[in-house]
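Dear colleague,

I am passing on to you the structure that we spoke about, and my notes on it follow below. Please keep it open while you read.

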Amino acid sequence: MDEIVRPTRVEVDLKQLVENFRLIKHHSTPSKVMAVLKANAYGNGLIRVAQLMQELKADYLGVAVLEEGILLRQSGITLPILVMGGMLGNQIPVFLKYDLTITASSIDKLNQIDEAAAAMKMKAKVHLKIDTGMERIGVHFYNAEKFLEASVRCKNIFVEGIYSHFASSDSSDLTFSKLQLERFQEVLDFYSKNSIEPPIRHISNSGGILQMPEANLDLVRPGILLYGVYPSNEVKRTITVKPTLSWKSHIVYFKAIKPGHPVSYNSTFTPDHLIRAVTVPVGYGDGYFRSMSHKAEVLIHGKRYPVIGTITMDQIVVNIENDSAFNGDEVILIGCDGKNSVTCEELANWAGTIPYEILTNINTRVPRIYK
Ligand SMILES: *Cc1c(COP(=O)(O)O)cnc(C)c1O
């Protein structure tokens with residue numbers, strides 16, 4: 001018997017992921033590439049994507065939180081891993097235990113890391129975080145000199161990298177990104193001024209990789225682009241990537257609905273003529289956002305059909321009018337079928353959000369299948 005899998009699944013095209021990685025690598029050469037795998041690798045599945053990145057000899061992996069790094073180590077991933085989010089002092093011994101690179105975002109944190117490393121008789125691997133305009137974490141560019149001086153003095157810290165983050169590199173107006181890059185470069189002058197070999201310098205995310213080659217520096221940090229999705233509609237598509245993730249389900253129920261009989265919670269849709277409808281086992285509990293109700297469409301047999309009524313936690317109803325469809329037939333929520341496709345950009349528009357949020361919200365109860 002085949003493996004029993006839920007009829008709703010995410011399919012990840014690993015060949016396309018390889019292709020996207022190579023295109024990004026080629027475009028950014030000679031810079032190193034840090035594959036960003038946070039939030040379950042943007043829905044593509046943390047572990048499998050990390051294994052592939054290891055096979056492809058990515059230079060670095062980037063995650064957001066400590067737990068993601070631990071999971072990768074427990075799965076046998078040996079590539080260097082940078083945890084990019086903010087952290088608390090009591091987490092430092094765990095970073096050291098799992099050989100995870102720490103983001104140091106203040107002098108205080110630097111001192112905490114130095115002390116914890118001394119206590120464990122280890123050297124902590126650290127990337128310094130400079131805030132050049134995101135105002136999230138990091139030492140402000142205008143206070144960075146003291147921070148860099150302090151980092152050089154910490155005996156139990158290996159400053160492997162220094163980085164910043166773009167706030168609007170996916171915009172058609174790059175004025176602010178250019179200012180951020182300029183601020184970062186002024187901070188980096190510290191190293192040449194003091195004749196110190198600079199650590200790995202990085203600032204560029206997907207938007208920067210596409211639009212600001214001058215910001216590649218020593219390493220680039222592609223996230224969404226790796227998964228074949230562009231960070232915005234207006235970004236220049238200087239690299240031709242394609243989506244790696246499709247989201248599919250199967251019809252589990254068929255019926256006719258009489259005119260005047262409302263569909264789903266709170267009777268928000270009532271047909272005025274006899275329609276055929278099918279039920280599909282996916283809902284907002286899987287990340288198929290309820291806010292897409294009355295807007296979303298799916299593909300069945302390569303044709304688009306509207307989702308009717310409110311999207312429920314676990315099921316949706318699709319209007320197929322006079323067409324025929326049967327139990328077990330495939331339903332595409334994100335992906336292509338023949339000439340037609342439904343993209344995660346469309347879902348984002350229906351839900352009033354961005355593709356990032358669509359991808360990272362596909363719940364882990366949806367099995368991931370790798371092709
Ligand atoms: C998420 C993230 C990235 C990747 O961003 P994309 O826009 O998906 O390329 C890079 N760097 C940091 C610090 C991040 O948090």
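Leaving aside its neighbours within four places in sequence, Met-53 touches Leu-17, Phe-21, Ala-35, Leu-37, Ala-58, Leu-61, Leu-79 and Leu-226, where contact means heavy atoms within 4.5 Å. Please bear in mind that this is a predicted model, in which local features need pLDDT of at least 70 and side-chain atom pairs count only at pLDDT 80 or more, while totals for chains, interfaces and linings use all residues. Residues are numbered from 1 along each chain as its sequence is written, and side-chain values use heavy atoms, with hydrogens and water left out.

Met-53 is also, together with Leu-37 and Tyr-288, among the residues with the most contacts inside the largest nonpolar core, which has 118 residues. A nonpolar core is a set of buried Ala, Val, Leu, Ile, Met, Phe, Trp, Tyr and Cys residues joined through side-chain atoms within 4.5 Å, and buried means under 20% relative accessible area, exposed over 50%, and partly exposed in between, with a 1.4 Å probe and protein chains only. Helix α8 (residues 175-193) gives the most to this core, with six residues; helices are DSSP runs of H or I with at least four residues, strands are runs of E with at least two, and both are numbered from the N terminus.

**Cysteines**

How many disulfides does the structure hold? It holds zero, a disulfide being a pair of cysteine sulfur atoms within 2.5 Å. The sulfur of Cys-336 has its closest cysteine sulfur in Cys-344, and because these are 12 Å apart they are too far for a bond. Cys-336 counts as exposed, at 58% relative accessibility, whereas Cys-344 counts as buried, at 5%.

**Ser-293**

Ser-293 sits in the loop between β13 (275-280) and β14 (297-300), and with a relative accessible area of 10% this residue is buried. Its side chain reaches the backbone oxygen of Arg-290 at 2.6 Å, and a polar atom of the Ser-293 side chain lies 2.9 Å from the backbone nitrogen of Ile-311. Beyond its neighbours within four places in sequence, Ser-293 is in contact with Gly-309, Thr-310 and Ile-311.

With kind regards

How values were computed. Polar contact = N/O pair within 3.5 Å; in protein donor to acceptor, adjacent residues only side chain to side chain.
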